[in-house]
Amino acid sequence: MTIPTPYIGTSIKRLEDRRLLTGAGRYIDDVKLPDMAVMAIYRSPYAHARINGIDLAAAKAIPGVIDAFCAADIETDLPAIPLRLAPFDGFERFLQRPIARDKVRYVGEPVAVVIAPDRYTAEDALDLIEVDFEPMTAVTTVDQAAAGETLVHEDAGENMGTSYRVGRGDADRAFTEAPYTRRERFTTNRHSAVPMETRGLIAEFDPDRPLLRLHGATKVNFFNRRHLAAAFGLPEDAVELIETDVGGGFGARGELYPEDYLVPIASRRVQRPVKWIEDRRENLTATNHSRDIVCDLEVASTEDGRILAMRATVQGDMGAYIRTNGGVVASKAAQFLPGPYRVPSFSCEVQFLITNKTPVGTFRGPGRFEANFCRERMLDMVAADLKIDPAELRFRNLMEPAELPYRIGELVPGDVNATFDRGNYSSAFKRLLDQVGYADWKDRQGEIVNRRAYGLGIACFIESSAAGPPETARIIVSADGSIEIRTGASSVGQGTETGLAQICADYLETDINLIAVLHGSTTLVPTGGGTFHSRNTVMAGNAVRMAAETLRSQCIELAALRWNTDSAGLAYQNGAVHRRDDPGTKLSIAELAIFAESRDGEELASDAAFDNEGKLSYSYGAHAALVAIDVATGVIEVEKYVLTEEIGRALNPAMVQGQAVGGLVQGLGGTLLDHMVYDDDGQLLTGSFADYLLPTSTELPDITAIALEQSPSEFNPMGFKGAGEGGIVAVAAAVGNAVVHALKDHNVQINDLPITPDRLRAALRAAGA
Amino acid sequence: MTADRRLTLHVNGITHSCEVEPRMTLADCLREKLDLTGTHLGCEHGVCGACTVIVDGAAVRSCLMFAVQARDSMITTVEGLAASDTLSDLQQAFHDHFALQCGFCTPGFLTTAEAFLSENPSPTRGEVQSAISGNICRCTGYVPIIDAIVDTAKRRLESGK
């Protein structure tokens, strides 16, 4: 058997593919359990209304309907959905209960549940639910929320979830003394992750056993298990979260949502398995939105463009409740505003405002995408004001390798040790400029070709990866030589199985096809961290490496016992233990597994947990977009896109490429298309795919994504940094800058996303074009 | 509701018989009655393309067609694109080009592409892009999907298939 070692660093074809290509994947809606019922949710049609009464009688009377319930029917007082991340003081006043009781606060909030044998019957019954709503004024903007005339949560006495100020140096003084300052307001559009598979769950709740088994869970299953166990008064080991194939996550899938409580309640009520599958309209109102911030940004610099200070107010529109992701979006936007640049003084007020919209959570590159757009747009404005080339301005301000590692200061409350690790930002930026031919382009901005105006925009970024609790892995060798990896990390479709198998195969020196990877479910390993913040390869990858290293040692010890010899005379190689003095004599891991079983009835297995002790590695790089704009119509075409991203080390270059290109195209959507539009009554106007636009195959630029491996992470022996989010974080910035350069003759500025033809035409009309 | 109808469907070369409500969509019938769960529902309003199946040679959104409308038609779902335990050349090309990540949209892309290639065996890259513009993928950014379809067309032409 020849083994193409090393697997690490090779574009191994994905182990997941076969089942997914043949229709044999098993997503949550594909799971069918005996006697399973289906539930559907009656959701608020109003953004803000009192509930004066709920009548379920007609719904219950429909033939076949098994049960229907609302808040008043739930015996136990359900706890609020917990805060998992960025749990700032004050947020506890705005947490969501799984079902509305006296009041609804966003369109889509659960009000009642129907359980039926099939979805057709369940939805028929939803139509007959009668709720006496008393509509109230909806709060739909951060300004309206701040004014506080209408309170979303009366008991809180205000719509300010919380606010704080962070910074370093003396920004006010720097601004007083600076020869140049500029102030701008930027907004980033509310949009959402919108995975192709909507959320879904199946609960099997047997209170007598007791057992709550919840299928369809993902992302952070051990955290979710702890809180669901507490919510239902169960010991943790009586709650099982089961992960199936998952059709995309991007931050939104797998957080605790109201349905994670309502589906178990439904199952407990009817004493049979209950399935709930979100439809797309529900998905667009019920699954976390993201990105919605307003940023007033000021910059102070010398006349030659050296940044002296930044000051900002970041206002996050949190929607109606603070959900599990707490203050991540706005707090990370504030933290990443200075970016990879030397910004000696920085001061930022961060406000979290409660409105009558869908609650906000994370979406790929949370806060980074937003901060990047604001800062990089501002830097281009500064460059124009000071008549400095935008690339040159960035070179003057990018931190140099000698300045790294750099402790950025407590820019998120409590995060006192945040430190940019080693790297070479200028080098990644220069690589981008060379690749895109910047030297040729910088004097051609605004050039008209075939009646379209061309512009090249550039942007630099930095973003963190691999935060959070330790990750676990267990490797088990079977008597037939097959190897199973179990991990607490999840797969949301990004290729986790392949990546972890590559590492295991290399460290066990074995054929990757012998390896199966089981992930996510709480039944696999005692604990785990989960999948977010571009952490799987770093955290789970290193856990697998450690488990494999341990297993090699175990194999040697077992062989020593088997041969009754000293382990010092043995070596592990090519999936077997050899005698150093007689390399032809060997015991394969399969033989050792049989020996272990026969000796003490134990399986040949090893466990490991990898903890990076909170030391984050930062991926960084730069993006460039070439756009062509039809000035008469405002239609923007992104013709060419180049990005560089330093990721330390590529585990599987083709999968890394997939992350970069996929992220970039998602980012083009967030820049040009995706937009959750609300009217003044808090009605979502983009509640279907006919209205909520996503990128399709005809809108693609010519893409070059370059993964750099110049600066391996110091915080894990394999040198990995996260590679999941660098593709998206600088897209709005690069495209926004490109549009401004293309339209330089018209002096159009881009401060708001998305950049749509109608908005662009309005700006051009105002400029007389 | 109106009484169930007994329905005969020809799917992937097999004739099935089932009882359906007249309002049941073809997608739900395939998934719930015939247990062919490879056909996925992404939007249920005909935009995302995940539920695409081939009906009498044409790519059809099975969420927009009633099961009873498919009576007497020849239907191919993703489960029928290759003999069991093998991959079709198109499926293999998706694998080779890393043209899937989460895989949820993939059956719809495969069926759309098969129907398209049977009509246009020698497409330009732009024609491939147009052909799949009614299918949404959130993971890959489409580039490897286009590569896989273009590559398949080229290989089929070369091999005279």
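Mentor: A crossing of two helices is called left-handed if the near helix is turned anticlockwise from the far one by less than a right angle, and right-handed if clockwise. The model is a predicted one, in which local features need pLDDT of at least 70 and side-chain atom pairs count only at pLDDT 80 or more, while totals for chains, interfaces and linings use all residues. Residues are numbered from 1 along each chain as its sequence is written, chains are lettered from A in the order in which they are written, and side-chain values use heavy atoms, with hydrogens and water left out.

The helix to follow is α18(A), residues 731–742; helices (H or I, at least four residues) and strands (E, at least two) are DSSP runs, numbered from the N terminus. With helix α17(A), residues 653–672, the axes come within 8 Å and cross at roughly 55°, where axes are lines fitted to C-alpha atoms, for helices over the stretch in contact, and angles run from 0 to 180 degrees between N-to-C directions. The two helices are therefore oblique to each other, since angles under 35 degrees count as roughly parallel, over 145 as roughly antiparallel, 65 to 115 as roughly perpendicular and the rest as oblique. The crossing of α17(A) and α18(A) is right-handed. In this contact (heavy atoms within 4.5 Å), Leu664(A), Gly667(A), Leu668(A), Thr671(A) and Leu672(A) of α17(A) meet Val731(A), Ala732(A) and Val735(A) of α18(A). These residues divide into six nonpolar, two polar and no charged, with Ala, Val, Leu, Ile, Met, Phe, Trp, Tyr, Cys and Pro counted as nonpolar, Asp, Glu, Lys and Arg as charged, and the others, Gly among them, as polar.

The axes of α10(A) and α18(A) also come within 8 Å, crossing at roughly 30°, which makes this pair roughly parallel; its crossing is right-handed. Here Phe369(A), Asn372(A), Phe373(A), Glu376(A), Arg377(A) and Asp380(A) in α10(A) meet Ala732(A), Ala733(A), Gly736(A), Asn737(A), Val740(A) and His741(A) in α18(A), a contact of five nonpolar, four polar and three charged residues.

Val735(A), together with Leu337(A), Leu760(A) and Phe94(B), touches the most other members of the largest nonpolar core, which has 174 residues. Such a core is a set of buried Ala, Val, Leu, Ile, Met, Phe, Trp, Tyr and Cys residues joined through side-chain atoms within 4.5 Å, buried being under 20% relative accessible area, exposed over 50% and partly exposed in between (1.4 Å probe, protein chains only). Helix α10(A), residues 368–386, gives this core its largest share, ten residues.
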